[in-house]
Amino acid sequence: MHSTLEEQYSKVPAVTLIFWLIKIAATTLGETGGDAVSMSMNLGYLVGTAIFAAIFAVAVTAQVSARRYQPLLYWVTIIATTTVGTTLADFADRSLGIGYAGGSSLLLTLLCISLFVWHRAMGTVSVASIRTKKAEVFYWVTIMFSQTLGTALGDWTADTAGLGYTNGALVFGMLLAMLVAAYYWSRISRTTLFWAAFILTRPLGAVVGDLLDKPVASGGLALSRYTASTVLFSFILLSLCLLPQRAAEKGH
């Protein structure tokens, strides 16, 4: 009875314009919030990762246990993946010394494996299929890898590739615009376009977050990480309160 009831409802939001606006805000918050704990509080990347990993574990457990889509719970879980993704990527890239390129390559491999195993097990990786606990576990594992990859990729673009934060944001913004064009004027799989856009919004958020809080000498605006995080979180809360939120429809 419970299993049948669960499968009637999608556990994720409909993919609309407001979904993408909140997603970009959440990924930017992940960068500023993660840096606030690991850098501003001087706790370091390892301790920061442990803190956010614990928060993520609690959030994703509550999310998977929920019987229907709950907007606040869903976005809190997304934010948890972005913050732990930020500190985890920074720990791997900087503390372990594998570098942005190495970290990005490793995480891209893990992401592809996650999507492959998910597709083999469920027959689809469409977000409209997130109606069972098994599918949702695959979904959150994939998101975890994509968020961590996005952090490493954003840092690699801005720092190692030498584009800086503003140019990095422009690059990822242009790539997202190309995906929008492909959505309207091509026959590329909507599921493929969704995951490509989902992945690319994370490095966009990473470079925008760094643009906001990095020192002016490094190309940033030197805003307080706490202030930036508060503003971004407030925007997300207002969006959830004032704008319609609905679950994804079956078959879409």
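Reply: Start with a helix pair. α3 passes α4 in a left-handed crossing. Keep in mind that this is a predicted model.

Me: What makes α3 roughly antiparallel to α4?

Reply: The angle. The axes of α3 (residues 44-65) and α4 (residues 71-95) cross at roughly 155 degrees. The cut-off for roughly antiparallel is over 145. So α3 is roughly antiparallel to α4. The two axes come within 8 Å.

Me: Which classes of residue make up the contact of α3 with α4?

Reply: The contact has 15 nonpolar, eight polar and two charged residues.

Me: Now the charged pairs. How many salt bridges does the structure hold?

Reply: Five. One of them joins R202 and E31.

Me: Why is the pair of R202 and E31 called a salt bridge?

Reply: The closest N and O atoms of R202 and E31 are 3.3 Å apart. The limit is within 4 Å, between a side-chain nitrogen of Lys or Arg and a carboxyl oxygen of Asp or Glu. So the pair counts as a salt bridge.

Me: What parts does the pair of R202 and E31 tie together?

Reply: R202 lies in α8 (residues 190-213), E31 in α2 (residues 17-40). The pair therefore ties together parts that are 171 residues apart in sequence.

Me: Are R202 and E31 buried or exposed?

Reply: Buried means under 20% relative accessible area. R202 has 0%, so R202 is buried. E31 has 1%, so E31 is buried as well.

Me: How do you know that D35 and K214 form a salt bridge?

Reply: Their side chains meet at 3.7 Å, N to O. The cut-off is within 4 Å, so D35 and K214 qualify. D35 is in α2, and K214 is in the loop between α8 and α9 (225-242). The two are 179 residues apart.

Me: What makes D35 and K214 buried?

Reply: The cut-off is under 20%. D35 has a relative accessible area of 0%. K214 has 10%. So both count as buried.

Me: Which residues are linked in a network of salt bridges?

Reply: D35, D210 and K214.

Me: Why does R225 with D213 count as a salt bridge?

Reply: The closest N and O atoms of R225 and D213 are 3.7 Å apart. That is within 4 Å, so the label holds. R225 lies in α9 and D213 in α8, so the pair ties together parts that are 12 residues apart in sequence.

Me: Are R225 and D213 buried or exposed?

Reply: R225 is at 15% relative accessibility, so R225 counts as buried. D213, at 6%, also counts as buried.

Methods. Residues are numbered from 1 along each chain as its sequence is written. This is a predicted model: local features need pLDDT of at least 70, side-chain atom pairs count only at pLDDT 80 or more; totals for chains, interfaces and linings use all residues. Side-chain values use heavy atoms; hydrogens and water are left out. Axes are lines fitted to C-alpha atoms, for helices over the stretch in contact, and angles run from 0 to 180 degrees between N-to-C directions. Helices (H or I, at least four residues) and strands (E, at least two) are DSSP runs, numbered from the N terminus. Angles under 35 degrees count as roughly parallel, over 145 as roughly antiparallel, 65 to 115 as roughly perpendicular and the rest as oblique. A crossing is left-handed if the near helix is turned anticlockwise from the far one by less than a right angle, and right-handed if clockwise. Ala, Val, Leu, Ile, Met, Phe, Trp, Tyr, Cys and Pro count as nonpolar, Asp, Glu, Lys and Arg as charged, and the others, Gly among them, as polar. Buried means under 20% relative accessible area, exposed over 50%, partly exposed in between (1.4 Å probe, protein chains only).
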